[in-house]
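Here is a short briefing to read beside the structure. Keep the sequence open as you go through the points.

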Amino acid sequence: MSSSNGHGPSRALNASSGIASSTERERRVAARLSSIASKAKVVSPNSSTTTPASNTKPASAPTGTATSKPKAVPSAKSKSKAKPSKTSARASAALHPVDTNLAAHDRADPQGALAALRRLLTALPSRPGAAHLKLSADEHRLALHLLGLVEPFVHAPSSASASAATCVCACRAAPALARLPTEILDAVAFWVDGVRDLRALAGTCRRLQDVVVPRHTEYRVVRARASAVGVWRHLVVHRALARNVRRLEVLDERAPAGAERLPLGVGDGKGETEWEETENERGMLVHRRQERWLVRALERMTALRSVKWECGHSLVAFESVWPALVKCGSIEEVEVNDNHIFHAAAEDSSSGEDAAPKPRPLVLRDLKKAGFHGTKGTFGAAKEPDLTHISAMLNGCPNLETLAVSYVPRRAPGFFNPVADDFLLCGRWTNLRSLTLTNLWCTPDAGLDAAATFLLAHVNLEVLHLDVAFGGTGQAGGGGAALATFKFPPGCLPRLKELRANRDLTSALLACPVEGAGIRPLETLKGVRLTGSPRDRVFLENLRAYGAQTVRRLELGGWNEMEDVKRLAECVPRLTWLDLGKKEGSVGAGAGSTSKANQSANISSNFTEWANVLGQFSELTTFHGVRLFYEVATSDGAVLTLSDRSRVRKNDEVAAVLAWKCPKLRRVDHWEDGSGKVIVLVRDPEKVRYEVRRIKT
């Protein structure tokens, strides 16, 4: 049979060699066992010494092997004594399955480090008592060390495996980020505030899009009415979504239908019909219920940054919402457009023991920008408005940097502007850099002193817009007699860069000396009206003496004649921006007429004289207040009439003369007033041409 297949002898040889190799292996094992048995010792039950194990039965050697020395077998008593040591060793192995010595693990062996880490983690469920599923301090340090050894050898998978492991789309996102748990991805997106940045993050991967868009992009900006109880209750119930809101805008009840911005799937603002009343809400007024849910929703917006309140036609008061903003803890900007904010505070009639304790002042340390503005509507307007509520709110904002308070005056008899004496006397914000007060009134007795003390205390002010009537009848612009002789204390506003005030107040501030013989960095003046009175000369003299080196932009409230502009050129020849405003007594100065007849009448024909005057401003780049160009058809393909051709030639001549007299002049007024357009002079190598461009308002 062996000759038939030709493999008989070889198979027999392999079989014999296999037997020989197995016999040799058994022989080596027996020799190893005999060497261990020769060294084994048994503990004597009657003495502390150890004796060789001579009573043990010799182990029979395998067939065909030499007999080796038998292995020692412990007695029964020794077995019973050895059991506790085995149990304690087994428990110690469960508690410490891996050597916690960091030096015992080779840095070049990531496989061993990974195996040790697996042994350490798999032993946690078997630990008894208080050690169940817990790592000791040494084990925690070892786990971090092992992770550091394994992490450099973990490579990103291929494009096919990465797309299969992370998401179903062929994305370019890092696999390590896409493989993170959803909770981690949600926490990462929480720290991205901008909506544009969130959209960029969501566009990297479909899995990130599923996390970022419904939970963050939809909730970064919420815009709804105060009556949208459904929106507020949704935010109250879902706290994890409410904390993702960064900007909240409470709209007016008369806002357009498409002004809301609500999260996807939330009600459209008619929230009161979407929810049933609870027992606590039965019998409650409608606006009280709306206020309650709005306040509760605000308390859950723990990461809110900005609040805009435009609830002008609702009975929900902003004063009741303000305490909820304190619980947010991160408010940086507040803007209120509501006439109710200028109502006087209710007086407490109780006294003595019956008097209620004063509430604890609310502090918003992160608030940097605040604005309180009245509205044009008469709803909620008071005949004698007050700044008590505003002062009480702002007293708890020590880090305020930008503040704006403006009131819309009423022309009906019996209405007055808010009195700002107490506001200026008590308000102090050391970090204030920008202040705007519009249509306020100060009493003739203490108003100027309170204003001077306030400005002297705020040395960091850089932008000041002060439209306040000092004395008079409470209307803006009054109190001129008191301002004519007023002087600011020395060292007032040493860092001021921009000032908007009337002529007398600006003149007094220019004449105010700065400590250390320094120069006030005043660059922009606005709101000054030149009327041709003797007080204009005082202002121009102070402007020449204290503002010629720093003032670069001048925006007048009005001017009387061309001689005023010539005097300005003598005082501040280095102006780069000049806006003359409306001319006193000009057509359309008060009514604002925009008819073609009035526009043609307001276009100056003596452009040569204006070019000579403007040529005295060597650095002038922008000039507004006088229209020098005539109206022409600007549409493409329009057929020009003879009059239009004459105007085109006239405009070309005006552009050439202005470019010749004013080498740096670039922008002037368009022939249409209030159109949002300007005329830009373009200097080509061959000639000067003009272009009509639209500006951003």
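**Overview**

Among contacts in the chain with a separation of 6 or more, 73% are between residues 24 or more positions apart. The model is predicted. Its chain has 697 residues, and 39% of them count as buried. The secondary structure comes to 24 helices and 19 strands.

- Helix α4 covers residues 110-122, which makes 13 residues. From first C-alpha to last, α4 reaches 18 Å, close to the 18 Å expected at 1.5 Å a residue.
- The buried residues in α4 are P110, A113, A116, L117 and L120. Seen down the helix axis, the buried residues of α4 fall within an arc of 125°, so they line one face of the helix.
- An α-helix has 3.6 residues a turn, so residues three or four places apart point the same way.
- Q111, R118 and T122 are exposed, on the face of α4 turned away from its buried side.
- What covers the buried residues of α4 includes α5 (137-150).
- Helix α5 has 14 residues, which should span 20 Å at 1.5 Å a residue. The end C-alpha atoms of α5 are 20 Å apart, which agrees.
- In α5, the buried residues are E139, L142, A143, H145, L146, L149 and V150. They cover an arc of only 165° around the axis, which puts them on the same side of α5.
- A137 and L144 are exposed on the other side of α5.

**Helix α11**

- Helix α11 (residues 229-237) is mostly covered, with eight of its nine residues buried.
- Those buried residues are V229, G230, V231, W232, R233, H234, L235 and V236.

**Helix pairs**

- Two packed helices are described by the angle between their axes and the distance between the axes.
- The axes of α8 (residues 182-190) and α10 (residues 206-217) come within 10 Å and cross at roughly 55°. That angle makes α8 oblique to α10.
- The α8 and α10 crossing is right-handed.
- On the α8 side, T182, L185, D186, A189 and F190 take part in the contact. They meet R207, L208, V211, V212, R215 and H216 of α10.
- The axes of α23 (residues 607-614) and α24 (residues 642-661) come within 9 Å and cross at roughly 20°. That makes α23 roughly parallel to α24, since angles under 35 degrees count as roughly parallel.
- α23 passes α24 in a right-handed crossing.
- From α23, the contact is made by F607, A611 and N612. From α24, it is made by K650, E653, V654, V657, L658 and K661.

- L364 sits in the loop between β6 (333-337) and β7 (369-373). Its relative accessible area is 5%, so L364 is buried.
- Beyond four places in sequence, L364 touches W322, L325, V326, I331, G396, C397 and P398.
- L364 and C328 are 36 residues apart in sequence and 9.2 Å apart in space, C-alpha to C-alpha.
- E498 is in strand β11 (residues 498-500). At 18% relative accessibility, E498 counts as buried, because the cut-off is under 20%.
- Not counting residues up to four places away in sequence, E498 touches E462, V463, L464, H465, L522, T524 and K526.

**Positive phi outside glycine**

- L133 has a phi near 60°, a positive value in a residue other than glycine. L133 is found in the loop between α4 and α5.
- Is L133 buried or exposed? At 52% relative accessibility, L133 counts as exposed.
- L493 has a phi near 50°, a positive value in a residue other than glycine. L493 lies in the loop between α18 (480-484) and β11.
- The relative accessibility of L493 is 0%, so L493 counts as buried.

Technical notes: Residues are numbered from 1 along each chain as its sequence is written. This is a predicted model: local features need pLDDT of at least 70, side-chain atom pairs count only at pLDDT 80 or more; totals for chains, interfaces and linings use all residues. Side-chain values use heavy atoms; hydrogens and water are left out. Helices (H or I, at least four residues) and strands (E, at least two) are DSSP runs, numbered from the N terminus. The expected span of a helix is 1.5 Å times one less than its number of residues. Buried means under 20% relative accessible area, exposed over 50%, partly exposed in between (1.4 Å probe, protein chains only). The arc is that of the directions from the helix axis to the C-beta atoms. Contact means heavy atoms within 4.5 Å. Axes are lines fitted to C-alpha atoms, for helices over the stretch in contact, and angles run from 0 to 180 degrees between N-to-C directions. Angles under 35 degrees count as roughly parallel, over 145 as roughly antiparallel, 65 to 115 as roughly perpendicular and the rest as oblique. A crossing is left-handed if the near helix is turned anticlockwise from the far one by less than a right angle, and right-handed if clockwise.
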